[in-house]
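This report describes a sheet, a pair of packed helices and an interface, together with the confidence of the model. The sequence and structure are shown below.

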Amino acid sequence: MESTILSIHKLNKRYGKIHAVKDVSLEIHKGNVYGILGPNGSGKSTTLGIVLNVVNKTSGEYSWFGGTMKTHDALKKVGAIIERPNFYPYMSAKENLELVCKIKGIDYSKVTEKLEIVGLMDRKDSKFKTFSLGMKQRLAIASALLNDPEILILDEPTNGLDPQGIHQIRDIIRLIASQGTTILLASHLLDEVEKVCSHVLVLRFGEILYSGTVDGMTNQGAFFELQAESNSNLITLLKNHPDVDKISETEGKVIVHFNKDMDAGQLNKYIFDKGICLNHLVQKKVSLEQQFLALTK
Amino acid sequence: MKRLLAIELQKIWKNRASRILTISYFVILSFIALIASVKLEIGYFKLHFAEMGIFNFPFIWHFNTYIAALLKFFLAIVIVSMMANEYSYGTLKQNLIDGMSKQEFVLSKFLTVILFAFTSTLFVFAMSLVLGYSFSSYTELGIVFSDLEYLLAYFVKLVGFFSFCLFLGVLIKRSAFAIGFLFVWFLIEKISFGYLKYEVFNKSPKVDDFYAYMPLESISNLIVEPFTRLNVIKNIQTAVGESNVKDYSIHFSSILIVLAWTAIFIFLSYKIIKKRDL
């Protein structure tokens, strides 16, 4: 069985009248890459802030590593980056990382290794305040990786970066994910989540709209693109299929949606048995973006 | 404990402004020794501090701790900014995320306060010993090491004052405003004291008793000014017919009051950090 890293149960946070997080429940298992999706102000950062001990919860429970240790001790085994990189501007990159080592109670041996990973070795003695935003963000990732964390939490890691910066950060995230580190990535950038995550949680106004695998979410709206000698015959035939949800025709292609899981082979056989030969059959998935927009409408 | 101090000292020492202020503090503290060399001669009036007996044991403990305490503002700035910076850099949040507990965070600041106060006390002790042996008329061990409670009072005074600064840093989050508030608070205590004592309660000593419990007043009450204790000044006072029955000793009760305030300030700092969403 996969071991649970973080479990959140019915978490609530109110800021006065504003109910920022409503009954959010979540289980994070070892080895998966999770995405938290949601528009700005949907409670992503608040939820992460609560489990990271910087925001006080109003009600609900959360526990790290099965509740065997106190939150601040558990956080020593977690790497996290929240919104913007926070370091001491007057210290160099190396000194900042050494300070984090002191806080986490580990020796300095990893500092150089992690600076290599994020490509900041040549700037290790420069003061943090001289760094560009991209470099600051990479230093933050190095800092989060210092203790070889069980889980890496990233909140909007590519916010405000230029395309190269975004690319560099994504490469680093993919590298880390490939090494089997559990990742929790909060973002409003959908392609980012679609590319790297296996599981996704969609939030809006502090409420969970969807929680499950990315495939599960995109499969939900799977549809087929078909074409035959006579599209009108094909449409008449499909209308008699018991599971068809809706049919439409665009640019000479018949688009058909089913209301339950349908296999391409099954569909092909069904149509062939009824005497029509298809010359075009493509199974298409709704992009995460379309699905997300549909969910949060 | 060593870990927490190491974390805090790195934060302070790597900051150029804090480093310079800390060094200047100890350099200026050692300037007290220069008072010894002050020789003023205006016509027939001769003023030579070292010969007035200010460096006599055990009076020197009183004199030096009083003068040294005036310089505490240097370190107060370091302490207020070490706290306020954590807010403005967002590093308080980051420290917590990295696995420091809120309790450890406050404790690391408090340990630094104690370390500063202790180092300063040790410094004043060593310096007074040297000055005393150079200028004192009495150097018998029994006399040299009497009245050492002034050093204890000095230590408690610094711890209390720095804890107040730390608390203001936590509460107000901005160094400049926190130091400004410290000054405003000082005025509030002084003005309300003067008003109540001379306008409302007709010079009743009860007002003094009450104000002995106020934070800054209790801190300043720890070590009473030493000047009127000097023979020279006493002679002048007798000459103009003023009788002086001031009590210059250190009172256990005042130490207790300041320690109570210290506990309150540190506890409130912890409560604020615990309650605040960062």
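## The open sheet of chain A

In this predicted model, chain A contains an open sheet of 6 strands, arranged in the order β5-β6-β7-β3-β8-β9. The pairing within this sheet is mixed. Because β5 (78-81) and β9 (207-213) of chain A stand at the edges, each has a single partner strand, and one side of each is left without a neighbour in the sheet. From one strand to the next, the twist averages 10°.

Within the sheet, strand β6 (residues 151-155) of chain A runs parallel to strand β7 (residues 182-187) of chain A, and 5 bridges join the two. One residue pair can be named here: Asp155(A) has Ala186(A) in β7(A) as its bridge partner. Helix α6 (residues 163-178) of chain A lies across β6 and β7 of chain A and also across β3 (33-37) of that chain. Relative to β7(A), this helix runs at about 150°.

## Helix packing in chain B

Two packed helices are described by the angle between their axes and the distance between the axes. In chain B, helix α6 (residues 102-135) packs with α8(B) at an angle of about 145°, and their axes are 9 Å apart. The crossing of these helices, α6(B) and α8(B), is right-handed.

Residues contributed by α6(B) include Val113(B), Ile114(B), Phe116(B), Ala117(B) and Phe125(B). Those contributed by α8(B) include Leu151(B), Tyr154(B), Phe155(B), Leu158(B) and Phe162(B). By class, the contact of α6(B) with α8(B) comprises 14 nonpolar, 3 polar and 1 charged residues.

## The interface between the chains

The contact between the chains takes 24 residues from chain A and 23 residues from chain B. On the side of chain B that touches chain A, α1 (2-13) and α5 (91-97) of chain B each supply at least two residues. The largest share of that side, 6 residues, comes from α5(B).

The side of chain B that touches chain A is made up of 8 charged, 8 polar and 7 nonpolar residues.

## Confidence of the model

For the complex, the predictor gives an ipTM of 0.87 and a pTM of 0.86. Chain B has a mean pLDDT of 89, with 99% of its residues at 70 or more.

Within chain B, confidence is highest in helix α8 (residues 149-172), at a mean of 96. Strand β2 (residues 45-48) of chain B has the lowest confidence in that chain, at a mean of 72.

Methods: Residues are numbered from 1 along each chain as its sequence is written. Chains are lettered from A and ligands numbered from 1 in the order in which they are written. This is a predicted model: local features need pLDDT of at least 70, side-chain atom pairs count only at pLDDT 80 or more; totals for chains, interfaces and linings use all residues. Two strands pair if DSSP finds at least two bridges between them. Helices (H or I, at least four residues) and strands (E, at least two) are DSSP runs, numbered from the N terminus. Axes are lines fitted to C-alpha atoms, for helices over the stretch in contact, and angles run from 0 to 180 degrees between N-to-C directions. Two residues are in contact if their C-beta atoms, placed from the backbone, lie within 7 Å. Ala, Val, Leu, Ile, Met, Phe, Trp, Tyr, Cys and Pro count as nonpolar, Asp, Glu, Lys and Arg as charged, and the others, Gly among them, as polar. pLDDT is the predictor's confidence in each residue, from 0 to 100. A crossing is left-handed if the near helix is turned anticlockwise from the far one by less than a right angle, and right-handed if clockwise.
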